[in-house]
Amino acid sequence: MKNIKAFIAAFVLFFLTAAGIHMTAHGGLPEYTIRLGTWIEPSKFMCTDGLAQLLRSENAVAIFGSSELRHGQNTEFGVNSVFKDSDMDPVCIGQAGYQSLTHAITAGALGEVLSEKKAVIIVSPQWFKDGGVKKSAFGASFSEDAFLTFLKNDKIGRETKRYVTERARELASDNCALLEKIETDIKLYGGEDQKESLGRWREFLVKERTDTGLFLKSVVSNRARKEERRQREIDWNTLYKQAKENGKKIADNNEYGMLDAVYEKEYRDLIEKGGVKKPAYCVDSKEFEDLECFLRVCGDNGIDVLVV
């Protein structure tokens with residue numbers, strides 16, 4: 001009898017704790033700060049509600065990219081330093097492995113909040129290899145929250161949705177668990193015979209996980225702490241001068257403009273022997289179609305996008 005009572009008490013305590021976390025997380029997703037906006041964190045990228053909250057800032061600009069978003073963080077040239085206290089609120093979306101298709105899904109999921117806003121996608125030459133994004137990279141960056149919300153967006157054309165769902169199936173073909181998620185989500189929201197009642201329940205469970213994950217991570221990392229803002233002008237001329245000086249220090253021992261450390265490790269001996277390093281990029285990479293898809297999604301949702 002005592003064991004039964006203890007079990008019931010533990011279950012009630014667990015239920016009340018879970019309910020409290022749910023209500024706090026759902027109603028307490030953090031509002032914009034520069035530390036949150038430029039935070040390179042998967043739990044942020046996976047959470048559509050959290051990204052939408054950040055992008056509701058009046059001066060918010062979504063910046064889609066990959067590993068370059070992390071480079072320079074916490075230096076005077078990092079996005080979190082350059083735009084601190086400025087009239088632009090950057091929201092970085094992506095890290096290594098994030099490419100055009102993942103960003104197309106995220107942009108479609110955020111279509112309502114991004115409509116009539118400006119966005120940037122920083123395109124890396126390394127994306128444009130044979131086959132485009134790797135299956136493992138797509139799987140690691142896949143957000144079911146964003147995928148479900150993307151499928152629900154009626155502004156996105158049918159052909160564009162079909163392209164995304166087929167590419168998602170293709171890239172998940174070696175990952176049974178991921179493929180099952182994608183197939184289930186398409187049945188609920190992406191087909192002719194949609195099952196929205198079941199879809200709403202699945203969406204609730206997915207958002208419960210992503211919202212709570214972002215809330216807890218932002219609290220633990222102290223990213224949600226409010227900061228006093230002091231408006232200032234960005235001195236681009238001084239930054240450019242400093243960047244040139246710093247660049248000379250780390251890329252002045254070769255004629256190719258490479259980082260000296262990279263040149264010494266990977267290229268010097270090869271070049272001195274008259275060899276060449278063949279790039280793996282190709283003009284018929286699937287990435288071009290994925291990038292075109294991203295641009296179509298932006299166009300369907302009225303997002304003014306700059307490709308860098």
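Me: What order do the strands of the open sheet come in, and is the pairing parallel or antiparallel?

Reply: In this predicted model, the open sheet has four strands in the order β2-β1-β3-β4, and the pairing is parallel. The edge strands are β2 (89–93) and β4 (304–307), each of which pairs on one side only. On average, neighbouring strands of this sheet are turned by 25° against each other, with direction ignored.

Me: How many bridges hold β1 to β2, and how many join β1 to β3?

Reply: β1 and β2 pair in the parallel sense over five bridges, and Ile63 has Cys92 in β2 as its bridge partner. On the β3 side, three bridges join β1 to β3, again with the strands running parallel, and there Phe64 stands opposite Ile121.

Me: And β3 to β4?

Reply: Strand β3 (residues 118–121) is joined to β4 by four bridges, and the two run parallel. Within that part of the sheet, Ala119 stands opposite Val305 in β4.

Me: Is β1 buried or exposed?

Reply: β1 is mostly covered, since five of its five residues are buried. The cover is on both faces, with Ala60, Ala62 and Phe64 buried on one side and Val61 and Ile63 buried on the other.

Me: Which helix lies across β1, and at what angle does it run?

Reply: Helix α6 (residues 100–109) lies across β1 (60–64), and also across β2 and β3, running at about 155° to β1.

Me: Stepping back, how many helices and strands are there in the chain?

Reply: The secondary structure comes to 15 helices and four strands. Of the 308 residues of the chain, 42% count as buried, while the chain exposes about 17,800 Å², of which carbon and sulfur atoms supply 55%. As for contacts with a separation of 6 or more, 78% of them are between residues 24 or more positions apart.

Me: Why is helix α4 described as largely enclosed?

Reply: Six of the eight residues of α4 (residues 48–55) are buried, so this helix is largely enclosed by the rest of the structure. The buried residues in α4 are Thr48, Gly50, Leu51, Ala52, Leu54 and Leu55.

Me: Changing topic to the rings: how many aromatic pairs are there?

Reply: The count comes to seven aromatic pairs. In one of them, the rings of Phe83 and Trp236 have their centres 6.1 Å apart and their planes at 65°, and because an angle over 60 degrees counts as edge-to-face, the pair is classed that way. The two residues are 153 residues apart, with Phe83 in the loop between α5 (79–82) and β2 and Trp236 in helix α13 (residues 236–250), and so the pair links distant parts of the chain. Phe83 itself is buried, with a relative accessible area of 15%.

Me: What about Phe128 and Phe288, how far apart are the ring centres?

Reply: Their centres are 4.6 Å apart and their planes are at 45°, so this pair is tilted. The pair also links distant parts of the chain, with Phe128 in the loop between β3 and α8 (135–141) and Phe288 in helix α15 (residues 287–300), 160 residues apart. Phe128 is buried at a relative accessible area of 9%, whereas Phe288 is partly exposed at 41%.

Me: Which residues do the ring pairs link into a cluster?

Reply: Phe138, Phe142 and Phe147 are linked into a cluster by ring pairs.

Me: Back to α15: is Glu292 buried, exposed or partly exposed?

Reply: Glu292, which lies in helix α15, counts as partly exposed at 46% relative accessibility. Its C-alpha is 9.3 Å from that of Ala104, although Glu292 and Ala104 are 188 residues apart in sequence.

Me: Last topic, how many disulfides turn up?

Reply: A search of the whole structure finds zero disulfides.

Key: Residues numbered from 1 in each chain as written. Predicted model: local features only at pLDDT ≥ 70, side-chain atom pairs only at ≥ 80, totals over all residues. Heavy atoms only, no water. Buried < 20%, exposed > 50% of the residue type's maximum accessible area, 1.4 Å probe, protein only. Contact = heavy atoms within 4.5 Å. Areas by Shrake-Rupley, 256 points an atom, 1.4 Å probe, with all protein chains shown as cover. Pairing = 2+ DSSP bridges. Axes fitted to C-alpha atoms, helices over the stretch in contact; angles between N-to-C directions. Phe/Tyr/Trp six-rings, centres within 6.5 Å; stacked < 30°, edge-to-face > 60°. Disulfide = S-S within 2.5 Å.
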